[in-house]
Amino acid sequence: MEFTALNIVIYAAFCLCLGSAMTAYVVRTPKYEEYTWRKEAHQFLDIPFNESTPLGFHSGMSQCPNCHNKLKAYDLIPIFSYLITKGQCRYCHTKISIKYPLTELACLLSCLPLLMINLPLAPLMITTVIITTLIGISIIDWQHQWIPDHASLLILGLGLTLNLLLSEVALYQSVLGMLIGYLLIVSIRQIYLTLRKIEAIGLGDAKLLAALGAWQGLENLFYILFFASILGVLYAILNKQGRHQSMAFGPFLCASAFMTYFKTYLIY
Ligand SMILES: [Zn+2]
């Protein structure tokens with residue numbers, strides 16, 4: 001696809017809108033899921049449960065968490081609304097976290113390099129959604145040490161679609177990447193559970209690696225795991241992380257998948 005200045009602006013706007021949706025996902029999903037888990041636990045134990053339902057990703061327009069005023073469309077323009085209101089709610093002047101525009105900016109800056117790869121429109125759009133989802137997963141896992149299944153499933157579905165319909169990677173590579181990615185992590189987890197009685201790595205990481213394998217294929221799966229391990233070890237050393245301190249592995253898998261994707265398309 002040929003890129004004119006107008007196309008680049010439209011693409012940047014698309015990335016920012018996806019970034020804005022991802023920001024809502026990152027903020028709302030953990031709260032909603034934790035609420036659901038608490039509710040189910042209370043129901044299971046037959047204890048009354050009176051918490052009000054928090055907004056889910058599916059709950060529509062955003063509202064200020066302090067004054068609960070519904071935000072208008074012009075309050076939700078990615079990055080610009082934050083700059084115009086100087087990072088405050090328009091109604092009650094409560095400070096809005098800088099994380100919101102930073103997440104949108106991260107989505108934009110991570111997706112713009114895709115324009116250097118001469119992708120047709122459909123793969124470009126699908127890959128943009130995948131990369132934006134990787135950012136969402138990284139933030140949620142970093143903050144909550146939990147990877148939402150639906151985010152991994154989205155990458156898995158989009159990865160398989162890319163390879164099935166648009167042959168970015170041979171389909172057998174994609175299916176093998178998915179299966180071996182899942183089995184690798186589950187095996188490591190099982191070995192640690194059996195021998196040392198500790199949960200060394202979560203099933204969320206297994207589902208995420210399966211999704212990344214489905215997207216980038218078996219060959220790249222090993223690069224993803226290799227780079228992620230190096231990044232994880234470097235972080236642990238620099239951060240003086242103790243052996244028994246838990247650490248999210250999802251962000252390293254996501255960063256590594258991002259690097260591996262661009263290594264494949266820009267270096268070769
Ligand atoms: Zn407010």
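Me: Which side chain does Arg90 meet in a salt bridge?

Reply: Side chains of opposite charge can pair when their charged atoms come close. The rule used here asks for a side-chain nitrogen of Lys or Arg within 4 Å of a carboxyl oxygen of Asp or Glu. Arg90 meets Asp75 in this way, at 2.6 Å from N to O. Arg90 lies in the loop between helix H2 (80–84) and H3, and Asp75 in the loop between H1 and H2, so the pair ties together parts that are 15 residues apart in sequence. Helices are DSSP runs of H or I with at least four residues, numbered from the N terminus.

A word on ground rules: this is a predicted model, where local features need pLDDT of at least 70 and side-chain atom pairs count only at pLDDT 80 or more, while totals for chains, interfaces and linings use all residues. Residues are numbered from 1 along each chain as its sequence is written, and side-chain values use heavy atoms, leaving out hydrogens and water.

Me: Is Asp75 buried or exposed?

Reply: Read this from relative accessible area with a 1.4 Å probe, protein chains only: under 20% is buried, over 50% is exposed, and in between is partly exposed. Asp75 is buried at 15%, whereas Arg90 is partly exposed at 37%.

Me: How many salt bridges does the structure hold?

Reply: There are four. Among them, Arg189 pairs with Glu199 at 2.7 Å, N to O. Arg189 is in helix H6 (residues 171–196) and Glu199 in the loop between H6 and H7, so this pair links parts ten residues apart in sequence. Arg189 is buried at 15%, but Glu199 is exposed at 55%.

Me: And how many salt bridges cross the interface of domain 1 and domain 2?

Reply: Zero, by the rule. The domain assignment, automatic or from a database, gives domain 1 (1–116) and domain 2 (120–268).

Me: Then how much area do domain 1 and domain 2 bury between them?

Reply: The size of an interface is often given as the accessible area lost when the parts come together. Here that is about 2000 Å², 82% of it on carbon and sulfur atoms, using a 1.4 Å probe and summing over both parts. Helix H1 (5–44) and helix H3 (99–111) each supply at least two residues of the side of domain 1 that touches domain 2. H1 gives the most, with 13 residues.

Technical notes: Buried area = accessible area lost by both parts, 1.4 Å probe.
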